[in-house]
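Have a look at the structure first, then read on.

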Amino acid sequence: MINQFVPKIINEIAKINTENELMNLKSKYLGKKGEFTIFTNSLKDLSIEEKKKQGPIINSIKKEIESIIADKFKSLKRLAIDKKLAEEKIDISLPSKGSSNGSIHPLSLVSEEIVKIFTQFGFEVFEGPEIESDHYNFEALNIPEDHPARDMQDTFYLGEGNLLRTHTSPMQVRIMECNNPPIKIISPGKVYRCDSDVTHTPMFHQIEGLLVDKSITFANLKGVLNEFISRFFGNSIKTRFRPSYFPFTEPSAELDIEWKDKNGSKVWMEVLGCGMVNPKVFESVNYNSKEYAGLAFGMGIERLAMIKFGITDIRYFYQNDLKFLKQF
Ligand code: PHE
């Protein structure tokens, strides 16, 4: 009778798939009211000799049953882990989501394009300091102290005669001071003014241009800038040189281009300032203004980018919003 338990249990256990079922089976046989327990309890009426004989047999069968159940527990656990691992398996052959590349900032794009056009014309590129002295930013450019033109370019003063440059024009003086004509340079860089609204920020970018040689005339100025505009904005763009005033050029002009506003109507847009180098500036760098003449121009990169791309608020350039930046 007692020998039937092991094969019966092995048979039942083979059909079990969950830990719960196994627990039930365990209590069915080994629990207080389990079949095996009841069977062994029924042997208490046996004689002492019989008990001595049967005791070890019962114990070893009980151990066998326990170890069969323990083994099944282990194998169920193993199966559960394998199942979980299979579910969590990563398919490394799936295509990836891809990584996105950064893009060049629109101001860098525009600046590089302008520099490229002028280098094709034979201009050399020089960069200068953003912290300037009063001398280079104003005095040497014929803007003495108390000159009203200083009001238009109010800036950040650093003390000891230093300030954040308000334009790239100081580079005209710096280049001429240590080179003899002919000069043919452009100078891109950051400039600063106490100004802030939809079209002005306290820091912005300019590109300065200077060409000095014998017999340079206003016609050369118009020729260089018209050619630049047609390469930058397109062949058919009309230009207009409107009289203006800068202390360091004489005569001075502002260059406008004919553009379409957002309603499609034609409007004149101011693009840059320019003029013939004022003899007073030549004096400050010891050039002979009887022998040499020069043309100069300065343009705001933000302004050119805004016109070209139809951007209405200058602050977009500095907010680093990817939705804006990715469009260029
Ligand atoms: N420096 C002038 C400005 O910032 C622009 C300019 C440059 C005008 C060179 C004439 C010649 O407004």
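Which strand gives the largest share of the lining of the largest pocket? That is β9, with 7 residues. Before going further, note that this is a predicted model, where local features need pLDDT of at least 70 and side-chain atom pairs count only at pLDDT 80 or more, while totals for chains, interfaces and linings use all residues. Residues are numbered from 1 along each chain as its sequence is written, and side-chain values use heavy atoms, with hydrogens and water left out.

**The pockets**

A pocket here is an open set of points on a 1 Å grid over the protein atoms alone, where a 1.4 Å probe fits and protein lies on both sides within 12 Å along at least five of seven lines; lining residues have an atom within 4 Å of a point. Volume is the space filled by probe spheres set on the points, which are joined across faces, edges and corners.

| Pocket | Volume |
|---|---|
| Largest pocket | About 1100 Å³ |
| Second largest pocket | About 150 Å³ |

The largest pocket has 44 lining residues, and H200, E270, V271, G300 and R303 sit nearest its centre. Its lining splits into 19 nonpolar, 15 polar and 10 charged residues. For these classes, Ala, Val, Leu, Ile, Met, Phe, Trp, Tyr, Cys and Pro are nonpolar, Asp, Glu, Lys and Arg are charged, and the others, Gly among them, are polar.

In the second largest pocket, α5 (106-120) gives the largest share of the lining, 4 residues. Among the residues lining that pocket are H105, P188, Q206 and Y318.

**The ligand**

Around the ligand are 15 residues, the closest being H167, S169, R193, Q206 and G298, where near means a heavy atom within 4 Å.

Now for the polar contacts, which are pairs of N or O atoms within 3.5 Å. The side chain of H167 places an N or O atom 3.0 Å from a ligand nitrogen. R193 has a polar side-chain atom 2.9 Å from a ligand oxygen, and an N or O atom in the side chain of Q206 is 2.9 Å from an oxygen of the ligand. The protein covers 92% of the 330 Å² of accessible area (Shrake-Rupley method, 1.4 Å probe) that the ligand has on its own.

Note on methods. Polar contact = N/O pair within 3.5 Å; in protein donor to acceptor, adjacent residues only side chain to side chain. Helix = DSSP H or I, 4+ residues; strand = E, 2+ residues; numbered from the N terminus.
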